[in-house]
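Please look over the sequence and the model before reading on.

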Amino acid sequence: MHRRGKLCLGTVAAAGAGALVFGQAAAAQPAADKQVVHADVDGDGSTEPVTVRKVDDATQVIRFVLPRGPVETTAPANYSVLQPPRVTDVNRDGAAEIAVITTAGANTDHFQLFKHDPAIGVVAVQSGGQPFTFHEGGGATARLGYQCEDPGKGPMLRTVRAQYDSSTGKFDGTTSWWVFSGNSTGEWTKAPFQDLPGDDPALNLDPGTCAP
Ligand SMILES: [Ca+2]
Ligand SMILES: [Ca+2]
């Protein structure tokens, strides 16, 4: 689990709402910074090295070292400390998707998913023509998270985003289920909720469920 303990009360209204506090030390960090994991990105039964390397203050390179040679793509890198990418298989097809942090706020990490496409190389999973982005964290005033599950309609990624309501002491928000097809994903359905206590399982999703 990667979760920051710093609280930023009152500033994180919602992920992506402009309340992010970017790593202020980014400019002073060495440009070269790399993480390596092993994942079966092509689904052939054996793992390949997967590297994520921060190449400048705002850019990272995601590289899959396949037997026929490396393939790579670039992605935003709005963080000060490069975290290991997470190996997932969100659609349970045996080929791994790699969840990479693209932005680390004070309380919330933003992830994108990268997968192997034989005709292209490394692609960011898309949603509505944009890289699909999901979140984890939230601090004291919000909850954001994800897990993988099959609600009887095939494998899906479930996401949650909720806000703390200080008048009730509970959380209000929405859970969405995402279905993957090819290089894209779409929202299969979503369900609003209200007045959930902070320890409700629906607010505390388990990202470990997405492991291959
Ligand atoms: Ca492989
Ligand atoms: Ca997969």
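In what order do the four strands of the open sheet lie, and is their pairing parallel or antiparallel? The order is β1-β2-β3-β4, and the pairing is antiparallel; strands here are DSSP runs of E with at least two residues, numbered from the N terminus, and two of them pair if DSSP finds at least two bridges between them. From one strand to the next the twist averages 20°, an angle between N-to-C directions on a scale from 0 to 180 degrees, with axes fitted as lines to C-alpha atoms.

This is a predicted model, in which local features need pLDDT of at least 70 and side-chain atom pairs count only at pLDDT 80 or more, while totals for chains, interfaces and linings use all residues. Residues are numbered from 1 along each chain as its sequence is written, and chains are lettered from A and ligands numbered from 1 in the order in which they are written.

| β1 | residues 33–39 |

The protein chain as a whole has 15 strands and zero helices. Its pLDDT, the predictor's confidence in each residue from 0 to 100, averages 89, and 85% of the residues score at least 70. Over residues 1–26, however, the pLDDT is below 50.

Definitions and conventions: Contact = placed C-beta atoms within 7 Å.
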